[in-house]
Amino acid sequence: MAVNPGDADADELPSVLWGLDPVFSAYSRLYITDILQMKESRQVPGVYFYKTHPIFKVDVLGTVVYKREREDFYCYGVDDSTGVINCLCWKDEKYSDQGESTKSRDPSGSSRGFNIEDELKRLKETEQKSTVLEIGDLLRVRGTVKTSRDAREISATSFYKVDDPVMAEQISRMLEMPQVYRKCYDQPFQMPGDDLGGTAAGGSSRFHYLLSRAVLTLKEFFLEKEVARFRPYDVEFLLHPLIQSSSAEQESDQPGTSFATQIRNLLKETLSVLQDEGQIFRKIRTQDEVYNVTEQDKDLHTAIKDVLREDTKREKYAEKGCHVLHILSSVRQRYSQNLSREVLEVALTFLECNSDIISTTEAHYTVL
């Protein structure tokens, strides 16, 4: 097993490049102790790093060591012998009306051969049993990693009880995990072309490194100074030290490229990355290039809370809250047509972290 999973490179690649890593789109089979120790990305909340690999979905198998039941979900403590993690497993609404289905059977109780309603009922009962576990049962969970109240947990997208009387499943996984770590997770993530050698590949790697540093520099500046709006020339000076520190390498890789041109290109790409991540946006597209910082835009936050406060009073949204697409449409109408889903999700995450709103499912929100 690998150690010190949090010792990822201090400078992350821009999030728009994470999709190039196959691990990012897969459910990663990690030890629970590594899930608990992973460091959260400084670029996108809810994404974590095991060494150089960005991860937000995991696949765990372990024994239930504690259980709490709420109206809408079960909370299972899962232990894989390396650690224990909370798993939030939402109840399926299709089981809530199961009692009603028994009333629709033939009142005479007579059997007429194959009855599709009875067979569906039996299938539901079998499926339901696989999602209700007790302490000591073996549970497999796939879901997204989250941090709530400083505790790491998994919000399940699928989960089921594993029948493993002779421990075949557990032994198979125990033998498989070290191989997966050696061949995949412990191998450094390489950008396509980085292993080709030569000036082009080296230049590409250095530019991605500079871009990553530039993105982080601007994020830290926005947070520290509480910047709500800015123009490109307001932040250009922040990138000067980055170009100057790599001037020798830049001269060999980009002959004839002036300092001003390098700054302009880096700033353009940095703003593009921040827009793609939803960290900044342009409320109104005019010749005056003004950007709003999502986490500092109080007017945007107010618009979102107003939409939730008003619409969750309606019967349609009273129980689950409003879906993210409904919120997006409403906020666009009252605040800015240029608002992207990425911007909205950053704002929703920020508001939830500040306890202004709460997510009832992975895509529904309501006010507190």
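Helices (H or I, at least four residues) and strands (E, at least two) are DSSP runs, numbered from the N terminus. With that in hand, welcome to this predicted model, in which local features need pLDDT of at least 70, side-chain atom pairs count only at pLDDT 80 or more, and totals for chains, interfaces and linings use all residues. Residues are numbered from 1 along each chain as its sequence is written, and side-chain values use heavy atoms, with hydrogens and water left out.

**The chain as a whole**
- The protein chain holds 13 helices and 14 strands.
- Of its 368 residues, 41% are buried, where buried means under 20% relative accessible area, exposed over 50%, and partly exposed in between (1.4 Å probe, protein chains only).
- A contact means heavy atoms within 4.5 Å. Among contacts with a separation of 6 or more, 65% are between residues 24 or more positions apart.
- The accessible surface of the chain is about 20,400 Å², and carbon and sulfur atoms account for 49% of that surface. Such areas come from the Shrake-Rupley method with a 1.4 Å probe; for residues, only the protein chains shown count as cover.

**Helix α13**
- Val343, Leu344, Val346, Ala347, Leu348 and Leu351 are buried in α13.
- The buried residues of α13 pack against several elements, including α9 (259-277), α10 (298-311) and β14 (364-367).
- After α13 comes Ser355, with a positive phi near 65 degrees.

**Helix α10**
- His301 sits in α10 and is buried, at a relative accessible area of 4%.
- Leaving aside residues up to four places away in sequence, His301 touches Thr294, Glu295, Gln296, Ala347, Phe350 and Leu351.
- Asp299 is also placed in helix α10, but Asp299 is partly exposed, with a relative accessible area of 48%.
- Asp299 and Tyr335 are 36 residues apart in sequence, and their C-alpha atoms are 8.2 Å apart in space.

**A nonpolar patch on the surface**
- Phe114, Ile116, Leu120 and Leu123 make up a nonpolar surface patch, with about 470 Å² of accessible area together.
- Patches are made of residues with over 30% relative accessible area and no salt bridge: like charges are joined within 9 Å, nonpolar side chains (Val, Leu, Ile, Met, Phe, Trp, Tyr) within 5 Å. A salt bridge is a side-chain nitrogen of Lys or Arg within 4 Å of a carboxyl oxygen of Asp or Glu.
- Leu123 belongs to helix α3 (residues 116-129) and is exposed, at a relative accessible area of 54%.
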